[in-house]
Amino acid sequence: MFVGHYAAAIAAKTAAPRAPLWSYALACQALDLGWGALVPLGVEKVRIDPGLQGSTLDLYFMPFTHSLPAALIWSAAGVGLARAARLPWSASLMLGAVVFSHWGLDLLVHRPDLELGFAPGKAGLGLWNLPVVEMTLEIGLLAVTGALWAARRTRHARSAWPAAAFLAFLVALQIVVQFVGPAPSATPLEIGLPALVVYLIVGFMAWLADRGPKAVEA
Ligand SMILES: [Zn+2]
């Protein structure tokens, strides 16, 4: 799951618009932002298996970002950060939910590589092994939430085109990433760093899409 995670950010922006879209965009990838930092440091481990479908990443050790207990802690930290930034409880709790949505959506697509903490073994329903189904899910989630978001913007006398542009950017990004996967010989730095850069660029694009005199709605 890559751009599909942003469906959670867009849905959150539609339901609880007091938080800026960029904060939701970073929140929905917070676990992967942590992963992108910890992999180059050697704290979490990944290797490339060119034989794998959908994603060639063999994510065999990531307890600090993608275990269920870790996801809950990251989500609670998201709520705490939002409250520290003086966001209202509704938007703060939504931000925490968006952080946690990453784990829920990863559970659908990952092969079993997500530790549960309360039980042995790892979870993952493995939709990555069905690339067409997985891609349809990601783009479908974006399309549905994007349409709701655009409709909300127009109801509040805001243009729908920044929403459309942001969605088009995400779809284009997905297509690029599809064809430019990591090389089989990629080092942890070469895997983690591009992920960090891409997530920060999307955060910036979300900030752009959200700008304007009525960026913070009541
Ligand atoms: Zn992830």
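This briefing walks through the fold of one chain, from its overall build to single residues. The model is predicted: local features need pLDDT of at least 70, side-chain atom pairs count only at pLDDT 80 or more, and totals for chains, interfaces and linings use all residues. Residues are numbered from 1 along each chain as its sequence is written. The chain holds nine helices and four strands.

**Overall build**

- Helices (H or I, at least four residues) and strands (E, at least two) are DSSP runs, numbered from the N terminus.
- Along the sequence, the pattern is α-α-α-β-β-α-α-α-β-β-α-α-α.
- A compact globule of 218 residues would have a radius of gyration near 17 Å, and the chain agrees, with 17 Å. The radius is taken over C-alpha atoms, and the globule rule is 2.2 Å times the number of residues to the power 0.38.
- The C-alpha trace spans about 50 × 35 × 30 Å along its principal axes.
- Two residues are in contact if their C-beta atoms, placed from the backbone, lie within 7 Å. Of the contacts with a separation of 6 or more, 66% join residues 24 or more positions apart.

**Burial and the core**

- A residue is buried if 20 or more other C-beta atoms lie within 10 Å of its own, exposed if 12 or fewer, and partly exposed in between; C-beta atoms are placed from the backbone.
- By that rule, 43% of the 218 residues count as buried.
- In soluble globular proteins, nonpolar side chains tend to be buried together.
- A nonpolar core is a set of buried Ala, Val, Leu, Ile, Met, Phe, Trp, Tyr and Cys residues joined through C-beta atoms within 7 Å.
- The largest such core here has 60 residues. Tyr6, Ala9, Tyr24, Ala25, Ala27, Leu95 and Val98 have the most contacts inside it. Helix α6 (residues 89–109) gives the most to this core, with 10 residues.
- What does valine 98 touch, leaving aside its neighbours within four places in sequence? Its contacts are Ala8, Ala9, Ala12, Tyr24, Ala27 and Cys28.

**The covered helix α2**

- Helix α2 covers residues 21–28, and eight of its eight residues are buried.
- They are Leu21, Trp22, Ser23, Tyr24, Ala25, Leu26, Ala27 and Cys28.
- The cover over these residues includes α1 (5–15), α3 (30–38), α5 (68–84), α6 and α9 (188–210).

**Helix pairs**

- Axes are lines fitted to C-alpha atoms, for helices over the stretch in contact, and angles run from 0 to 180 degrees between N-to-C directions.
- Angles under 35 degrees count as roughly parallel, over 145 as roughly antiparallel, 65 to 115 as roughly perpendicular and the rest as oblique.
- A crossing is left-handed if the near helix is turned anticlockwise from the far one by less than a right angle, and right-handed if clockwise.
- The axes of α1 and α6 come within 9 Å and cross at roughly 155 degrees. The two are therefore roughly antiparallel. Their crossing is right-handed. Here His5, Ala8, Ala9, Ala12 and Ala15 of α1 meet Met94, Val98, Ser101, His102 and Leu105 of α6.
- Helix α8 (residues 161–179) and α9 have axes that come within 9 Å and cross at roughly 165 degrees. They too are roughly antiparallel. Pro162, Ala163, Ala165, Phe166 and Phe169 of α8 make the contact with Met205, Ala206 and Ala209 of α9.
- The axes of α3 and α5 come within 10 Å and cross at roughly 110 degrees. That makes α3 roughly perpendicular to α5. Ala30, Leu31 and Gly34 of α3 make the contact with Ala71, Trp74 and Gly78 of α5.

- Most residues other than glycine have a negative phi.
- Arginine 86 is not a glycine, yet has a positive phi of about 65 degrees. Arginine 86 sits in the loop between α5 and α6. Arginine 86 is exposed, with 7 other C-beta atoms within 10 Å.
- Alanine 157 also has a positive phi, of about 60 degrees. Its place is the loop between α7 and α8.
- Is glycine 140 buried or exposed? Glycine 140 counts as exposed, because it has 12 C-beta neighbours inside 10 Å. This glycine lies in helix α7 (residues 131–155).
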